[in-house]
Amino acid sequence: MKPPTGPEEARLPASDIRAFASSCTMHGLGHVFGPGAPPARRGLWAAAVLLALATFLYQVAGRVRYYGEFHHETALEERESRRLTFPAVTLCNVNPLRRSRLTPNDLHWAGPALLGLEPAEHAAYLRALGRPPAPPGFMPSPTFDVARLYARAGHALEDMLLDCRYRGWPCGPENFTTIFTRMGQCYTFNSGADGAELLSTPKGGMGNGLEVMLDVQQEEYLPVWGDVEETPFEVGVRVQIHTQEEPPLIDQLGFGAAPGYQTFVSCQKQQLSFLPPPWGDCSSVSLDPDFEPEAPGPLGTPSPGLSPPYSLVGCRLACQSRYVARKCGCRMVHMPGSAPVCSPQQYKDCAHPALDALLRKDACRCPNPCASTRYAKELSMVRMPSRAAARYLARKHNRSEAYIAENVLVLDIFFEALNYETVEQKKAYEMSELLGDIGGQMGLFIGASLLTILEILDYLCEVFWDRVLGRRFWNRKRPQRPSSANLLQEGPGSHRTQVPHLSPGPRPPTPCSAVAKTLSASHRTCYLVTRL
């Protein structure tokens, strides 16, 4: 719409709606407020403009409401890599303690809590272990350390590991680190602890990963004395494949490998990415496992601190450690934190009941990590050894063929291929898309743009200045007019106002030719028309 050019439109002030309508880029306003149009035509255009404006606002409200719901979508993509970091592999013997390493002092302290033994059953249990009973006058030690018990009586990797190879190169116990879990003392390959360089592989398939031969040492298994919660009935090892940043939760997430079989584990790496609130519920702030009495709060609320990267398993362990430390004043041997390790009596009376109650209540609120890595696994197995291999292995390890068949297993872990999957949550509706939709609806229904909004704001400023600030400013600066009473008293002849002449010379006063309009008793203002 072109700006006004006629003499009538040119005299309109900027705050006049007709001047604004004739120059605004919003479609339809010129037909509604423009001069010269019949009233019926103006009414039709006004109805059309209002209908288009209402439709536009309805569409915009729907888009804004959809954006406020914070929807997300999940994208699955497969990518290729020239080299992949090999995961951490944690191994645990399902038997936590070796029978040959238990002493009467161990049974006195740990028998009721860890083995479910009553004091009257110690002598019979020692006979089942093939050990002599406690000597007369036996006095237990004044203190007892559960961590030292697992370290001393647990299965040693040096005795279990018969052969180890990574990508065809020999490896040994020095490539494993010791870690305590709820299953006792375990060992992690490629943990990256103490700044050790992480191993990687440039190829997939068998022969390009970890291959270990293990002896489960069945002759060291504890006799099953009673049906308690942690009594193992199986034989073999428990294995968990995880990232270096995530602690193992092998009692819940591990898979089993049985003696007499070679187990093949084909892995595929998966990278997961989740959105933080309000689009998702992920978190990247680790939970401090140390219990702080002066700052109580929700057990599962992450708090910043100098701690490992956030992981779901790490959050659960830290939450459990906080709860047990709060209830018992100590922590279990597999839990993180700086609290002292619980004694066997504390294990029995407080730690185990508190942990079971926590798991039943599911009080640990641990959201998914915003970025995590997991490994999809496919397992297959074959019987081993063959008869020929049994003779060879028996001679090599100085064992019988029956022992080899009942105690030896082989575990082969490798990548299926060097490609990996990414599962990523993305915002279903970005702010740029919202602005684009609003702009499209604005152009479609009312023919406006962002500059049109600036025009409207500029017009409102003109109206405010002219109608509000301008009137106040004019009333404040305008001189005080004489009252009608004074004018009536003085009359037309008594007016002494002189108008200065623009010429430099003197000019005599010009008599006023005044026309005084009739004044009523309501004190109307008298207007004097002076001819200069």
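## Contacts of L102

Contact here means heavy atoms within 4.5 Å. The model is a predicted one. Setting aside neighbours within four places in sequence, L102 is in contact with L97, L107, L115, L129, R131, L149, A153 and L222.

## Nonpolar cores

L102 also belongs to the largest nonpolar core, which has 38 residues. L102, L114, L115, L149 and Y347 are the members with the most contacts inside this core. Two or more residues come from each of the helices α5 (104-115), α6 (122-128), α7 (146-153), α10 (312-328) and α11 (344-361). The most is given by α10, which supplies six residues.

Another core, of 37 residues, lies apart from the largest one. Among its residues are L161, Y166, F255 and Y420. As general background, nonpolar side chains tend to be buried together in soluble globular proteins.

## Helix α4

Helix α4 covers residues 39-68 and has 30 residues. At 1.5 Å a residue, α4 should span 44 Å, and its end C-alpha atoms are 43 Å apart, so the two values agree.

The buried residues of α4 are V49, A52, F56, V60, G62 and Y67. These buried residues pack against two elements, α3 (29-33) and α14 (431-445). After α4 comes F70, whose phi is positive, near 55°.

## Disulfides

The structure holds seven disulfides. A disulfide is, in general, a covalent bond between the sulfur atoms of two cysteines.

The relative accessible area of C315 is 1%, so C315 is buried. C366 has a relative accessible area of 17% and is also buried, since the cut-off for a buried residue is under 20%.

The disulfide between C328 and C350 has an S to S distance of 1.8 Å. Here too, distant parts of the chain are linked: C328 lies in helix α10 and C350 in helix α11, 22 residues apart. The link of C328 and C350 is left-handed, with -90° about the S-S bond. C328 is buried, with a relative accessible area of 14%.

## Further cysteines and I456

Two further cysteines may be noted for their burial. C24 counts as buried at 4% relative accessibility, and C267 is buried with a relative accessible area of 2%.

I456 is found in helix α15, which covers residues 450-477. The relative accessible area of I456 is 31%, so I456 is partly exposed, a class that lies between the limits of 20% and 50%. I456 and F20 are 436 residues apart along the chain, yet their C-alpha atoms are separated by 8.6 Å.

Note on methods
Residues numbered from 1 in each chain as written. Predicted model: local features only at pLDDT ≥ 70, side-chain atom pairs only at ≥ 80, totals over all residues. Heavy atoms only, no water. Core = buried A, V, L, I, M, F, W, Y, C linked by side-chain atoms within 4.5 Å. Buried < 20%, exposed > 50% of the residue type's maximum accessible area, 1.4 Å probe, protein only. Helix = DSSP H or I, 4+ residues; strand = E, 2+ residues; numbered from the N terminus. Expected span 1.5 Å × (residues − 1). Disulfide = S-S within 2.5 Å.
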